[in-house]
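Trainee: I would like to go through this structure with you. Can we take the terms one at a time?

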Amino acid sequence: MSFLKIEKLKKSFGKVDVLKGIDLEIEEGGFLVLVGPSGCGKSTLLNTIAGLEAITSGSISINGKVVNDLHPSQRDIAMVFQSYALYPNMTVAQNIGFGMEIRGVAKAERDAAIAKVAETLQIGALLDRKPSQLSGGQRQRVAMGRALVRDPLVFLFDEPLSNLDAKLRVDMRTEIKRLHQRMGTTIVYVTHDQIEAMTLATRIAVLKDGVLQQFGTPAEIYNKPANLFVADFMGSPSMNLIPATVEVDGGKVGISMQRDEGQPLLLPLGNSAGGLASRHGQKVVFGIRPEALTDLDSADRNATQVSELDCEIEVIEPAGSDTFAVTRLGGREIVARLRADAPIAAGQTARLAFNLDKALLFDPETQERIL
Amino acid sequence: MSAKPIPVGAVSAGNKMLRVLLYAVLILFALYYLLPLYVMTVNSVKPLAEIRQGDMLSLPSVLTFEPWAKAWSSAQIGVQPTGLKPYFFNSVLMVVPAVAISTILGALNGYILTKWRFRGDDVIFGLILLSCFIPFQIALIPAARILGTLGIAGTTTGLVMIHVVYGLGFTTLFFRNYYAAFPTELVRAAQIDGAGFFQIFRRILLPSSAPIIVVTVIWQFTNIWNDFLFGVSFGDFDSQPMTVALNNLVSSSGGVKEYNVHFAGAILAALPTLIVYVVSGRYFVRGLMAGAVKG
């Protein structure tokens, strides 16, 4: 049974439709990440769940109860804001205890709850400080403490890590995940960072222009993106997307791609491609992630379909753990992921392995995935 | 870099000259502005006979505080020999509520116009702002009519109301611009914490509003204390402010012109605003800048 359920949600500001009919649901204890480029409506969606923005139509229910018309404080949610939104005139303890104070919780009970949260987040030493005396990471913790102390049905996070420096962001990401595992509370988390989405989520919703592009587990989103937008948006470096043509020869289905020199490249697709038999000669977009395009030694030994090909390497980008090689195919720059110590230099021709088990095909007209 | 090193001494010497010149000009202007205060102060502690000798700038040869005492408690104001004292308290009774009410209402307006936006709020703000530009004289007769209808003509209550209404445009402007820069996420966080409209205002916004409150209070205090037109138009003996009494003191036709008493009275009338500036002037500039830059 779904714990948080959003049905046919629409939101307009005047004539502008920001959310155009969103359907989402997440089970209790799930971690739902809303991801998309800026302006896609993900923060607005979060604000409607919080009750900070009224919805135009549709419904939102939490734990089986429709909350459309409930005040934010009555939805049993807690929110962590991008700017942390700590009350500048109050100490850390007062910030964390403010909600309880408003609800009329007795002082002793309040102090006990604050102390417990402070211990969880290791901010006990900061309780008497003002927010202006804290570092970015500490403010982040206090903001989370303010949410934790409510012990809500759902936590809402609005890009909570975007104001931290790179290292701290990774640390806090792990911490949020650990916190989620320990408490098991349902979380809705907004980010524009697809790595955050992949690492944290149990479910990812990819949004663009107020429309839900795909909703699924991180693995589904990553391995079977619904359309070209999702394929391109998720993953870093992003998926190689190459214009190609379907070739059917007898029972065998393959795709061909133009090369700068020489014969077009013909790649056979496995049995799974049977459905494509009727598409002979049609244009498609061939998608393959950089990690499925490797030097021969790194090729996946369990793969059933591997094609090898000589490619001219244009640029080498060592990233420490891996080395990325840029080459050309079908008139596009494509990126291959090599072992860190692969003996390949820019300007050389190297033999690369295509793991065609991981190959995806998209319809260039509808943008949808067809394989 | 290939630029020739500039001799340090030359620069600092040039700089020094400039500094000296700058300070000389500043001091000159300061003296120029302080001269009236000096003349007033010096002549308010001289016997009248000494002023009559004609040298307004000289220090008193005989020091007397009798003119101050007279201006305060026994000088002829109009027909009554009451001194400025009762009018001083009239002013206080008018200024304190008028400043307090207009500041609070302005803060509420600013809070609503920035954090509880509604359809047409910009138009409303524009209209409120427009009231800053309405000349007093235009409003005199309608205001008199309204005060009469309400039965508060000639009372301190009536004057307070007039000043509150007239002050709202400015106080709303100040607070709106200040609160426009106040992070809306704080208000949202407080909403989720369950705080209501007034709780958010009192617990979250007001504690961060000290600079703009100081600006507004100084602005309103100075304007209302110094107001003459409304005071003379709508005030009775029981409600006439200090400014009107000072005018009556200085322009009373009978008898000798007691310049020393007039000077003392004028200083007494100006003293409260002077004190407000000296005490909180620093915040005034800071608050004005905050509102101006971020607004």
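Mentor: Start with chain B: the centres of its domain 1 and domain 2, taken over C-alpha atoms, are 33 Å apart. This is a predicted model, where local features need pLDDT of at least 70, side-chain atom pairs count only at pLDDT 80 or more, and totals for chains, interfaces and linings use all residues. Residues are numbered from 1 along each chain as its sequence is written, with chains lettered from A and ligands numbered from 1 in the order in which they are written.

Trainee: What makes 8-67 domain 1 of chain B, and 85-294 domain 2?

Mentor: Domain bounds come from an automatic or database domain assignment. That assignment divides chain B into these two ranges.

Trainee: How many residues of domain 1 of chain B are in contact with domain 2 of chain B?

Mentor: Contact means that C-beta atoms, placed from the backbone, lie within 7 Å. By that rule, eight residues of domain 1 touch eight of domain 2 in chain B.

Trainee: Which elements of chain B supply at least two residues of that side of domain 1?

Mentor: α1 (8-44) and α2 (48-52) of chain B do. Both are called helices because they are DSSP runs of H or I, at least four residues, numbered from the N terminus (strands: E, at least two). The largest share, four residues, is from α1(B).

Trainee: And where does chain B touch chain A?

Mentor: In chain B, 14 residues contact 17 of chain A. α8 (184-192) and α9 (197-205) of chain B each give two or more. α8(B) gives the most, six residues.

Note on methods:
Contact = placed C-beta atoms within 7 Å.
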